[in-house]
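Have the sequence and the 3D view ready as you read.

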Amino acid sequence: QVQLTESGGGLVQIGGSLRLSCTASGSIVKIYAMGWYRQAPGKQRELVATITSGGNTNYANAVRGRFVISTDNAKNTMYLQMNNLGPEDTAVYYCNAGLSTIYNQYANEYWGEGTQVTVSS
């Protein structure tokens, strides 16, 4: 029914930048909010940033001022611009969306499969 497809991960040097994208596709009626989460090896998945359909954003303290979340609502696509990356940002980054479909008027939560971001010297 719904797919969240991430792209843009990769290997980057310390201090570098990456831009992640996540596109939602399928029988979508309305996207209420989207977000990025990440999971480093041996750690729990944690929130990175979220954005509502109205454009309200929220950032984890660890990324505030370095990462910027945005959306292109016409394309059902969310972005995460990541700047000044450090080794602590190495993780699998997951796209998350709360949305309704033509099959279910109530919002459900969906996850992408994740994209690896590796920051090294």
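R66 counts as buried, because its relative accessibility is 15% and the cut-off for buried is under 20%. Keep in mind that you are looking at a predicted model. You can find R66 in the loop between β6 and β7.

What does the side chain of R66 reach at 2.9 Å? It is the backbone oxygen of A62. The side chains of R66 and D89 are also joined, by a polar contact of 2.8 Å. If we leave aside the neighbours within four places in sequence, R66 is in contact with Q81, M82, N83, N84, L85, G86, E88 and D89.

**A network of charges**

The R66 and D89 pair is also a salt bridge, with 2.8 Å between the closest N and O atoms. D89 sits in the loop between β8 and β9 while R66 sits in the loop between β6 (57-59) and β7 (67-72), so this pair ties together parts that are 23 residues apart in sequence. Both D89 and R66 are buried.

D89 has another salt-bridge partner, R38. Here R38 belongs to strand β4 (residues 28-39) and D89 to the loop between β8 and β9, so the pair ties together parts that are 51 residues apart in sequence. R38 is in turn joined to E46 by a salt bridge between their side chains.

Here are the salt bridges side by side:

| Pair | N to O distance |
|---|---|
| R38 and E46 | 2.7 Å |
| R38 and D89 | 2.9 Å |
| D89 and R66 | 2.8 Å |

The count of salt bridges comes to three, and R38, E46, R66 and D89 are linked by salt bridges in a network.

Are R38 and D89 buried or exposed? Both are buried. For R38 the relative accessible area is 5%, which is why R38 is called buried. E46 has a relative accessible area of 38%, so E46 is described as partly exposed.

**Strands side by side**

Now turn to strand β1, which covers residues 2-7. In a regular strand, the side chains alternate between the two faces of the sheet. Which residues of β1 lie on the covered face, and which on the uncovered one? V2, L4 and E6 make up the covered face, and Q3, T5 and S7 the uncovered one.

β1 pairs with strand β3 (residues 18-26) in the antiparallel sense, over six bridges. You can trace individual partners across this pairing: S7 has S21 as its bridge partner in β3, and E6 has C22.

β3 is also joined to strand β8 (residues 77-82) by six bridges, and these two strands run antiparallel. S21 stands opposite Y79 in β8.

**A patch on the surface**

Finally, look at the outside of the model. Which residues form a nonpolar patch on the surface? They are V29, I102 and Y103, and together they have about 360 Å² of accessible area. Y103 lies in the loop between β9 (91-101) and β10 (104-111). With a relative accessible area of 56%, Y103 counts as exposed, because the cut-off for exposed is over 50%.

Definitions and conventions. Residues numbered from 1 in each chain as written. Predicted model: local features only at pLDDT ≥ 70, side-chain atom pairs only at ≥ 80, totals over all residues. Heavy atoms only, no water. Patch = residues over 30% accessible without salt bridge, like charges linked within 9 Å, V, L, I, M, F, W, Y side chains within 5 Å. Areas by Shrake-Rupley, 256 points an atom, 1.4 Å probe, with all protein chains shown as cover. Salt bridge = Lys/Arg side-chain N within 4 Å of Asp/Glu carboxyl O. Helix = DSSP H or I, 4+ residues; strand = E, 2+ residues; numbered from the N terminus. Buried < 20%, exposed > 50% of the residue type's maximum accessible area, 1.4 Å probe, protein only. Pairing = 2+ DSSP bridges. Polar contact = N/O pair within 3.5 Å; in protein donor to acceptor, adjacent residues only side chain to side chain. Contact = heavy atoms within 4.5 Å.
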